[in-house]
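Morning, everyone. Please put the structure up on the screen. I'll talk through one interface.

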4 protein chains.
Amino acid sequence: MTGRTVAVAGVTHSTQVRVYYEDTDAAGIVYYANFLKFAERGRTEMLRSLGFLHHEIEANTGVIFAVRWLAVDYIQPARLDDLLRIDTRVVELGAATLRIEQQIRRDDDVLVTTDILVACVGRDGKPRRVPDGMRAALAKTAPAAPSIVVKTP
Amino acid sequence: MTGRTVAVAGVTHSTQVRVYYEDTDAAGIVYYANFLKFAERGRTEMLRSLGFLHHEIEANTGVIFAVRWLAVDYIQPARLDDLLRIDTRVVELGAATLRIEQQIRRDDDVLVTTDILVACVGRDGKPRRVPDGMRAALAKTAPAAPSIVVKTP
Amino acid sequence: MTGRTVAVAGVTHSTQVRVYYEDTDAAGIVYYANFLKFAERGRTEMLRSLGFLHHEIEANTGVIFAVRWLAVDYIQPARLDDLLRIDTRVVELGAATLRIEQQIRRDDDVLVTTDILVACVGRDGKPRRVPDGMRAALAKTAPAAPSIVVKTP
Amino acid sequence: MTGRTVAVAGVTHSTQVRVYYEDTDAAGIVYYANFLKFAERGRTEMLRSLGFLHHEIEANTGVIFAVRWLAVDYIQPARLDDLLRIDTRVVELGAATLRIEQQIRRDDDVLVTTDILVACVGRDGKPRRVPDGMRAALAKTAPAAPSIVVKTP
């Protein structure tokens, strides 16, 4: 599977976050950058649910994750005391990258969507392969991968 | 009870927080100011467990909470992926203030302790009385208040 | 000019930010969401340089700014003690929106680029026109606007 | 000077910070924990003015700074667009610690005061002596140190 990007129809992982004062700003709503903190919590919890903890991944494989690119749609604001649900889905699995789509919802309303490309790198910033164990675990969450796209990592 | 401060032996409320990348700094540990975010989450969850939400308190009574004074002991660092427990206890209930002690623990280790004086104020910053319903609820968490100290609010 | 978007070749505004511990994470670099704080400082300073302060704009016109959409490229990491320069340029001026491109640089290296669509809204979240004074001032920064695109605000 | 704490009447270092949306919360004022970010910027700039950068100190001596204890008085709130001045003064210089007092002001008003004990530690968290060069530079800022207190580091 080296050098290929798998377009995966992965199972969605969900986690919840509460909005506290720390997340809001003087406009009375969640500050725009803080949704990226929520999104990162969602990705971290997805990995944790598969048995992967950031500090163990780095200790075992030398790999850390670096965001390479992202796009965010801000559809509706979130407010103090809101309970938000973060849905996280790996949509492409490259040799050294994960493309992840996330929705941040309050009940039935989608407030924010993100499209994020994460790269595996070493402490030196250089690209590293997605660790094998993680690749296998993420593949399991994507039993019905509908297409495969060759891509230089 | 007006104009008095009740020294309460209150029941402790506990909540949990996970340490994410957002909480850490380049020294590899939780950034010192971020423990105050954790502490505020703990106080917010204590109030929520009693039925009080910040935005409802303000809508119903015009009261918001402002920290007037705090002291923090940093005993041990917290690290990425740590699961922390925040124990929150109201130790004094004044006419317009709450004094709250909190411990942030990892398993049996106390990492950080805080001593915080919170004042009830209006949007104009002027002191307001602790809302009656909240006072009653906090008093219930303190059945064995050992002493009463007269204090100007 | 109502209902039109002006593609502007605006003068670039620059401001500087220093990287402190608060901005970094346990990977030893600036946390990805924090570049959006830097970018917002850059946009705020661009407006300030034209005589517009957020709290005065809201007091005078009821308008606040809400990010509707953004894309970010993370090209190189920033580190503790780095002095960064934020270049900010309004590239489109709609009836109720500003499209802004920003570069975050360290010396000659571009570390991060952002493409952000900001909307003028009221506290109710509903769209509001770009305040006239601000429109005029931003137009002055774009004397050679090369093209005009009709666009529903 | 080993094992002694010098009570210093040090020169005050000043730096300025602007309040941005990122610093505020839904109560319309600067979030309480964020004043500790401002305070840390002030301490960092004081050291930088003496020629010491955090990442160079660590590279050269293995020393990083860890806050051991702090107390903060919140006297008045700060608001969006405020320009704040942070006055930083080393008041005691121990073998392995610095005690620092800071005032955060807006014009003539003192908004927040802090009293912070910072320890020099290694990455292992163990105490390290204040680096000699830094000790000498900090001593120069305190020509009229009025008293010397013996203290176990």
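First, a term: two residues are in contact when they have heavy atoms within 4.5 Å. One caution before we start: this is a predicted model.

Now look at chain C and chain A. How many residues does each chain bring to the contact? Chain C gives 22 residues, and chain A gives 22 residues.

Next, the area. The size of an interface is often given as the accessible area lost when the parts come together. Between chain C and chain A, about 2000 Å² is buried. Carbon and sulfur atoms give 53% of that. Three residues stand out on chain C: Tyr32, Leu70 and Tyr74 of that chain. Together they supply 28% of the area that chain C buries against chain A, more than any other three residues.

What about charges and polar groups?

Which elements of chain C touch chain A? Helix 1, residues 34-49, and strand 3, residues 64-74, each supply at least two residues to that side. Strand 3 of chain C gives the largest share, nine residues. By type, the side of chain C that touches chain A has 15 nonpolar residues, one polar and six charged.

Last, stay with strand 3. Strand 3 of chain A, residues 64-74, pairs with strand 3 of chain C. The sense is antiparallel, over five bridges. Find A:Val72 on your screen: its bridge partner in strand 3 of chain C is C:Leu70.

Conventions: Residues numbered from 1 in each chain as written. Chains lettered and ligands numbered in written order. Predicted model: local features only at pLDDT ≥ 70, side-chain atom pairs only at ≥ 80, totals over all residues. Heavy atoms only, no water. Buried area = accessible area lost by both parts, 1.4 Å probe. Helix = DSSP H or I, 4+ residues; strand = E, 2+ residues; numbered from the N terminus. Nonpolar A, V, L, I, M, F, W, Y, C, P; charged D, E, K, R; others polar. Pairing = 2+ DSSP bridges.
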